[in-house]
Amino acid sequence: MSEDKSTLGNMVDAAKAKINEGADRARAAGHDLASHVGSNPAENAMDKAQATEDRAKAELHNRQANAEYTEGKSEAKDGDGR
(Lines give C-alpha, C1' and ligand atoms only; values in the text may rest on other atoms or scores of the structure.)
Protein backbone atom coordinates (compact mmCIF):
# COMPACT_ATOMS: atom_id res chain seq x y z
CA MET A 1 0.00 0.00 0.00
CA SER A 2 1.30 3.39 -0.87
CA GLU A 3 -0.13 6.83 -0.44
CA ASP A 4 0.15 7.69 -4.13
CA LYS A 5 -1.93 4.72 -5.29
CA SER A 6 -5.29 5.54 -6.85
CA THR A 7 -8.62 4.35 -5.55
CA LEU A 8 -8.85 2.00 -8.51
CA GLY A 9 -5.34 0.70 -7.85
CA ASN A 10 -6.24 -0.10 -4.26
CA MET A 11 -9.44 -1.86 -5.29
CA VAL A 12 -7.61 -3.91 -7.94
CA ASP A 13 -5.00 -4.93 -5.36
CA ALA A 14 -7.77 -5.85 -2.91
CA ALA A 15 -9.40 -8.05 -5.56
CA LYS A 16 -6.08 -9.74 -6.35
CA ALA A 17 -5.52 -10.45 -2.66
CA LYS A 18 -9.02 -11.98 -2.37
CA ILE A 19 -8.32 -14.21 -5.37
CA ASN A 20 -5.05 -15.30 -3.77
CA GLU A 21 -6.88 -15.95 -0.50
CA GLY A 22 -9.36 -18.19 -2.30
CA ALA A 23 -6.58 -20.10 -4.03
CA ASP A 24 -4.78 -20.60 -0.71
CA ARG A 25 -7.96 -21.87 0.94
CA ALA A 26 -8.56 -24.28 -1.95
CA ARG A 27 -5.00 -25.62 -1.66
CA ALA A 28 -5.48 -26.04 2.08
CA ALA A 29 -8.66 -28.03 1.49
CA GLY A 30 -6.82 -30.24 -0.98
CA HIS A 31 -4.03 -30.90 1.50
CA ASP A 32 -6.58 -31.61 4.24
CA LEU A 33 -8.28 -34.15 2.02
CA ALA A 34 -4.97 -35.74 1.04
CA SER A 35 -3.96 -36.05 4.69
CA HIS A 36 -7.08 -38.14 5.39
CA VAL A 37 -6.96 -40.47 2.41
CA GLY A 38 -3.25 -41.24 2.23
CA SER A 39 -1.79 -44.41 3.69
CA ASN A 40 1.67 -43.04 4.49
CA PRO A 41 1.73 -41.35 7.93
CA ALA A 42 4.72 -39.17 7.02
CA GLU A 43 3.02 -37.89 3.87
CA ASN A 44 -0.21 -37.34 5.79
CA ALA A 45 1.65 -35.25 8.37
CA MET A 46 3.31 -33.25 5.61
CA ASP A 47 -0.08 -32.61 3.98
CA LYS A 48 -1.47 -31.42 7.32
CA ALA A 49 1.48 -29.04 7.72
CA GLN A 50 1.03 -27.73 4.17
CA ALA A 51 -2.68 -27.17 4.85
CA THR A 52 -1.82 -25.16 7.95
CA GLU A 53 0.68 -23.10 5.97
CA ASP A 54 -1.86 -22.44 3.21
CA ARG A 55 -4.47 -21.33 5.75
CA ALA A 56 -1.93 -18.89 7.23
CA LYS A 57 -1.19 -17.51 3.76
CA ALA A 58 -4.93 -17.16 3.14
CA GLU A 59 -5.31 -15.16 6.34
CA LEU A 60 -2.47 -12.84 5.30
CA HIS A 61 -4.08 -12.30 1.92
CA ASN A 62 -7.41 -11.59 3.66
CA ARG A 63 -5.77 -8.95 5.82
CA GLN A 64 -4.05 -7.43 2.80
CA ALA A 65 -7.34 -7.30 0.90
CA ASN A 66 -9.10 -5.61 3.79
CA ALA A 67 -6.32 -3.04 4.16
CA GLU A 68 -6.26 -2.26 0.42
CA TYR A 69 -10.05 -1.96 0.33
CA THR A 70 -10.10 0.33 3.36
CA GLU A 71 -7.38 2.51 1.87
CA GLY A 72 -9.16 2.68 -1.48
CA LYS A 73 -12.48 3.52 0.17
CA SER A 74 -10.81 6.25 2.21
CA GLU A 75 -9.10 7.64 -0.89
CA ALA A 76 -12.45 7.70 -2.72
CA LYS A 77 -14.10 9.66 0.09
CA ASP A 78 -11.29 11.98 1.14
CA GLY A 79 -8.82 12.11 -1.71
CA ASP A 80 -9.01 13.02 -5.34
CA GLY A 81 -9.30 9.37 -6.43
CA ARG A 82 -5.87 9.29 -7.97
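Mentor: Happy to; let's take the labels one at a time, keeping in mind that this is a predicted model.

Trainee: What helices and strands does the protein chain have, and why is it called more spread out than a compact globule?

Mentor: The protein chain has two helices and zero strands. Its radius of gyration is 17 Å, well over the 12 Å that the globule rule gives for 82 residues, so it counts as more spread out than a compact globule. The C-alpha atoms fill a box of roughly 60 × 15 × 15 Å along the principal axes.

Trainee: Which residues of H2 are buried, and what covers them?

Mentor: Among them are Asn44, Asp47, Ala51 and Asp54, and the cover includes helix H1 (7-37). In the protein chain overall, 26% of the 82 residues count as buried.

Trainee: Why is Glu53 called partly exposed?

Mentor: Buried means under 20% and exposed means over 50%. Glu53, which lies in helix H2, has 45% relative accessibility, so it falls in between.

Trainee: What makes Lys5 and Asp13 a salt bridge?

Mentor: The limit is 4 Å between a side-chain nitrogen and a carboxyl oxygen. The closest N and O atoms of Asp13 and Lys5 are 2.6 Å apart, so the pair qualifies under that limit. A search of the whole structure finds nine salt bridges.

Trainee: How do you know that Arg25 and Glu59 form one too?

Mentor: Their closest N and O atoms are 3.8 Å apart, and the limit is 4 Å. This pair links distant parts of the chain, with Arg25 in helix H1 and Glu59 in helix H2, 34 residues apart. Both count as partly exposed, because Arg25 has 37% relative accessibility and Glu59 has 31%.

Trainee: What makes Lys18, Glu21, Arg25, Glu59 and Arg63 one network?

Mentor: Salt bridges that share partners join these residues. One of those residue pairs is Lys18 and Glu21, whose side chains meet at 2.8 Å, N to O.

Key
Residues are numbered from 1 along each chain as its sequence is written. This is a predicted model: local features need pLDDT of at least 70, side-chain atom pairs count only at pLDDT 80 or more; totals for chains, interfaces and linings use all residues. Side-chain values use heavy atoms; hydrogens and water are left out. Buried means under 20% relative accessible area, exposed over 50%, partly exposed in between (1.4 Å probe, protein chains only). Helices (H or I, at least four residues) and strands (E, at least two) are DSSP runs, numbered from the N terminus. Contact means heavy atoms within 4.5 Å. The radius of gyration is taken over C-alpha atoms; the globule rule is 2.2 Å times the number of residues to the power 0.38.
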